[in-house]
Amino acid sequence: SVDFSTFTKQTGHTALDYGFVNTASTKSAITYIDGDQGILRYRGYPIEQLAKHSSYLEVAWLLLYGELPTADQLGEWDEKIRRHTLLHEDLKHFFSALPHTAHPMSVLSAATAALSTYYEGQSDPGNPEHVELNTIRMLAKLPVIAAYAHKKSIGQAFLYPDNSLSFVDNFLKLNFGNHAEPYEINPVMSRALERLLILHEDHEQNASTSTVRLVGSTGANQFSSISAGINALYGPLHGGANEAVLDMLARIRDSGESVQRFVERVKNKEDGVKLMGFGHRVYKNYDPRAKLVKESADEVLRELGVEDPLLALANELEEIALNDDYFKERRLYPNVDFYTGVIYKAMGFPTRMFTPLFAIGRLPGWLAHWREMQYDPQTKIGRPQQLYVGAGERDYPTEA
Ligand code: ACO
């Protein structure tokens with residue numbers, strides 16, 4: 001194996017690799033992807049099996065510690081996470097300072113950064129007890145922040161977490177419960193959300209995870225690093241795509257434009273329009289998560305008794321794209337974001353909550369990567385090279 005850092009220092013060669021298409025930034029033992037075969041495994045376990053049999057917290061443990069937990073370990077951990085769901089009362093004033101029109105992703109990243117101010121002196125990346133405690137704090141509190149961002153946007157009062165409920169049911173209640181009537185758990189919704197969260201938990205060195213690692217490599221604490229990851233996820237080419245897909249489908253429906261005509265505009269790159277929810281840097285075959293989400297979409301809408309013409313529109317778009325040479329030649333398939341929005345919408349989430357849902361899903365992966373980086377003795381501060389192409393030396397003009 002080549003020690004690339006020594007190699008570049010010795011030879012003076014620098015690789016220019018826009019978008020890191022061919023450059024590995026680290027070794028990792030967390031997630032395996034084979035993009036040509038459409039394979040995704042967390043710690044060796046196929047995503048299909050985890051989505052079917054596991055829970056969000058069990059998978060989070062697996063990602064963080066490398067093995068599935070015993071029933072006792074999981075029970076104790078779940079209990080601890082429930083005990084940490086409360087936000088400091090002062091942090092609630094933070095939400096009052098923001099406009100109700102604020103995008104929940106901005107609120108989530110800002111409030112996550114603000115969380116660190118409550119734990120100064122307890123956030124030393126080199127202190128394993130701090131790291132452990134803040135892992136639990138973040139898993140417990142970020143869903144509450146995301147739900148409050150939602151409540152704020154619709155002008156409803158915040159609910160206290162109900163620690164008698166499971167992680168997912170608590171989250172659903174915080175989003176959809178109110179002070180006027182008891183909240184009824186809907187098992188179809190709980191299971192569907194749990195499944196979607198599992199599918200999002202990790203995806204190796206994607207843009208947001210790489211951001212978390214890069215920020216973490218400077219010695220920044222978990223709160224700051226994860227807040228940066230949330231901002232990276234917000235972009236429409238990454239996690240923001242789930243929101244963009246629904247907007248795209250609604251625009252096609254409202255404009256009356258045929259799906260075929262829309263696809264033609266995508267192919268002609270008219271106004272830079274893309275088929276959102278299609279294509280992936282790594283998958284050059286059907287994204288295995290998208291396959292599972294698509295199966296869920298039909299089932300969940302049926303079970304929830306929701307009819308949504310946008311699902312039919314999505315199916316039609318997929319059908320046309322998969323049979324079109326433009327998409328075939330470029331190996332563009334639906335990614336995880338293509339069908340998730342239809343399910344979130346059926347559950348009652350507004351479009352702007354879709355990416356925060358992705359963030360809650362991805363949180364265990366971010367935390368696992370931050371820790372893997374932290375405990376890897378080979379970690380160095382991330383500092384890419386550049387090839388300078390600007391002006392040569394010149395003199396500042398002075399009066400003659
Ligand atoms: N619609 C139309 N054309 C596309 C699409 C798309 N969604 N995605 C890629 N292409 C085209 C590009 O225009 C390019 O065509 P060209 O060779 O004629 O120039 C070719 O396919 C290769 O695409 P790149 O942009 O080079 O692929 P890259 O790996 O850099 O980008 C990305 C991957 C960002 C995901 C891209 O496919 C995209 O923008 N998709 C839409 C946004 C999206 O769904 N993002 C979510 C990704 S999954 C996730 O983050 C959870």
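User: Is Trp370 buried or exposed?
Analyst: This is a predicted model, in which local features need pLDDT of at least 70, side-chain atom pairs count only at pLDDT 80 or more, and totals for chains, interfaces and linings use all residues. Residues are numbered from 1 along each chain as its sequence is written. A residue is buried if 20 or more other C-beta atoms, placed from the backbone, lie within 10 Å of its own, exposed if 12 or fewer, and partly exposed in between. Trp370 has 28 other C-beta atoms within 10 Å, so Trp370 is buried.

User: Which residues does Trp370 touch, not counting residues up to four places away in sequence?
Analyst: Trp370 lies in helix 18 (helices are DSSP runs of H or I, at least four residues, and strands runs of E, at least two, numbered from the N terminus). Asn221 is 149 residues from Trp370 in sequence, yet their C-alpha atoms are 9.3 Å apart. Contact requires C-beta atoms, placed from the backbone, within 7 Å. On that basis Trp370 touches Val212, Arg213, Gly216, Gln222 and Ser225.

User: How are helix 7 and helix 18 oriented to each other?
Analyst: Helix 7 (residues 128-153) and helix 18 (residues 354-374) pack at about 165°, with axes 10 Å apart. Axes are lines fitted to C-alpha atoms, for helices over the stretch in contact, and angles run from 0 to 180 degrees between N-to-C directions. Angles under 35 degrees count as roughly parallel, over 145 as roughly antiparallel, 65 to 115 as roughly perpendicular and the rest as oblique. Helix 7 and helix 18 are therefore roughly antiparallel.

User: How many nonpolar residues are in the contact of helix 7 with helix 18?
Analyst: The contact includes Val131 and Leu139 of helix 7 and Ile360 and Leu367 of helix 18. Ala, Val, Leu, Ile, Met, Phe, Trp, Tyr, Cys and Pro count as nonpolar, Asp, Glu, Lys and Arg as charged, and the others, Gly among them, as polar. Beside one polar and one charged residue, the nonpolar count is 13.

User: Is Lys269 buried or exposed?
Analyst: Lys269 is in the loop between helix 13 (259-267) and helix 14 (288-304). Phi of Lys269 is near 50°, positive in a residue other than glycine. Because Lys269 has 9 C-beta neighbours inside 10 Å, Lys269 counts as exposed.

User: What is the phi of Arg331?
Analyst: Arg331 is in the loop between helix 16 (325-329) and helix 17 (337-347). With 13 other C-beta atoms within 10 Å, Arg331 is partly exposed. Although Arg331 is not a glycine, its phi is positive, about 55°.

Key. Two residues are in contact if their C-beta atoms, placed from the backbone, lie within 7 Å.
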